[in-house]
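Have a look at the sequence and the fold, then read on.

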Amino acid sequence: MSFSSEVKEELFRHIGKSRHCQLAELAALLAFDGKAQVEQETVSIELGTENPLLLEKYQKLEESLFPGERADAKRILEAVKMWDSENKIPVVTDVVNGLLLQQGCCKRAFIRGAFLAGGSISDPNKSYHFEVVCRTLAQAKQLQECMNSFEMDAKIVARKKYQVVYLKEGAQIVEMLGIMEAHVALMNLENVRILKEMRNSVNRQVNCETANISKTVNAAVKQLEDIEYIKQTAGIDSLPENLKEMALHSYDCKINIFLFCEGYQLVKFHCSDIDALCQCSDSGISRCTVDFIHTAALCDGSHDCMLTSTASYH
């Protein structure tokens, strides 16, 4: 079952407690998917759908509004303000009478009925999209106004001969599920959103760390090239004592290394001077190892570097 079907099945089971809310939802079903027919002075109502849930929802609302009796079509149309008393004919319009949408709870019920009749919602694992297909622009604007009264940012777009009211933001779709009182679907959508946000956050951090490592490797390689250049031109002895010591120390530790860092454990290494590379202690590792592992300046004469993992160093 699709996520959209799950939402509609949950909304199908929900019946508003107040009569005015039930009238607003019934009016939405008729406006979005209903039509009235008059044959030999007999009025009948038909829903243009074969969806059993929608047909059963209509029947439940009818039974709740008119308990203990079989209400005729005329009485139902009068209740939802779709009956012309003067001409004694049904007037099933695309726009619901504003008297039925005066309260916030009635607007919620109207949106719920509109979604059941012509709405859909995409699978949140793929994308965020909520829409209701409307017959006319006037109907779409009325629905948009009701949705935006709850601080939504619903928009309208033309699709062939229909007008579609839609939401694209995940947070707003969550709010809309709450407005329609589909609380189980709301929690399921929130779980998906949290998981996706965590994955995106991890990916951003990994990408950031990768970019930082790349910059550090490039800087370290440039450093070694500078030391080589100084040695071949002015000579290392031309440097001040503190810079000379660091330059010799770094140059002598040029290595071809494959390493895997787990905390402070150096699993495999090869170096021309092991003592200069790593003098481990209980509290940490030497300055040379910290410098070379942290900067990933682990290269041969061609400056080809390999770093399979990084860790935090003190």
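## First things first

Keep in mind that this is a predicted model.

## The nonpolar core

Which residues touch the most other members of the largest nonpolar core? Leu30, Phe130, Leu143 and Leu177 do, in a core of 61 residues. Helix 2, which covers residues 19-33, supplies the largest share of this core, with ten residues. As a bit of background, nonpolar side chains tend to be buried together in soluble globular proteins.

Take Leu177 as an example. If you set aside its neighbours within four places in sequence, Leu177 is in contact with Phe3, Val7, Ile121, Ala182, Ala185, Leu186 and Leu189.

Now for strand 6, residues 130-134. Four of its five residues are buried, so strand 6 is largely enclosed by the rest of the structure.

Strand 6 pairs with strand 5 (residues 119-121) in the antiparallel sense, over three bridges. Here Ser120 sits opposite Glu131 of strand 6. Strand 6 is also joined to strand 8 (residues 162-167), again running antiparallel, this time through five bridges. Phe130, one of the core residues mentioned above, has Leu167 as its bridge partner in strand 8.

## Two helices side by side

Helix 1 (residues 3-13) packs against helix 3 (residues 52-65) at an angle of about 15°, and their axes are 10 Å apart. An angle under 35 degrees counts as roughly parallel, so that is how helix 1 lies relative to helix 3. Which residues make the contact? From helix 1 they are Glu9, Leu11 and Phe12, and from helix 3 they are Leu53, Glu56, Lys57 and Lys60. The crossing of helix 1 and helix 3 is left-handed.

## Two loop residues with positive phi

Most residues other than glycine have a negative phi. Two residues here go the other way. Lys160 has a phi near 55°, a positive value in a residue that isn't glycine. You'll find Lys160 in the loop between strand 7 (155-159) and strand 8. Is Lys160 buried or exposed? With a relative accessible area of 85%, Lys160 is exposed.

Glu181 isn't a glycine either, yet its phi is positive, at about 70°. This residue lies in the loop between helix 7 (170-179) and helix 8 (183-232). Glu181 has a relative accessible area of 28%, which makes it partly exposed.

Key:
Residues are numbered from 1 along each chain as its sequence is written. This is a predicted model: local features need pLDDT of at least 70, side-chain atom pairs count only at pLDDT 80 or more; totals for chains, interfaces and linings use all residues. Side-chain values use heavy atoms; hydrogens and water are left out. A nonpolar core is a set of buried Ala, Val, Leu, Ile, Met, Phe, Trp, Tyr and Cys residues joined through side-chain atoms within 4.5 Å. Buried means under 20% relative accessible area, exposed over 50%, partly exposed in between (1.4 Å probe, protein chains only). Contact means heavy atoms within 4.5 Å. Two strands pair if DSSP finds at least two bridges between them. Axes are lines fitted to C-alpha atoms, for helices over the stretch in contact, and angles run from 0 to 180 degrees between N-to-C directions. Angles under 35 degrees count as roughly parallel, over 145 as roughly antiparallel, 65 to 115 as roughly perpendicular and the rest as oblique. A crossing is left-handed if the near helix is turned anticlockwise from the far one by less than a right angle, and right-handed if clockwise.
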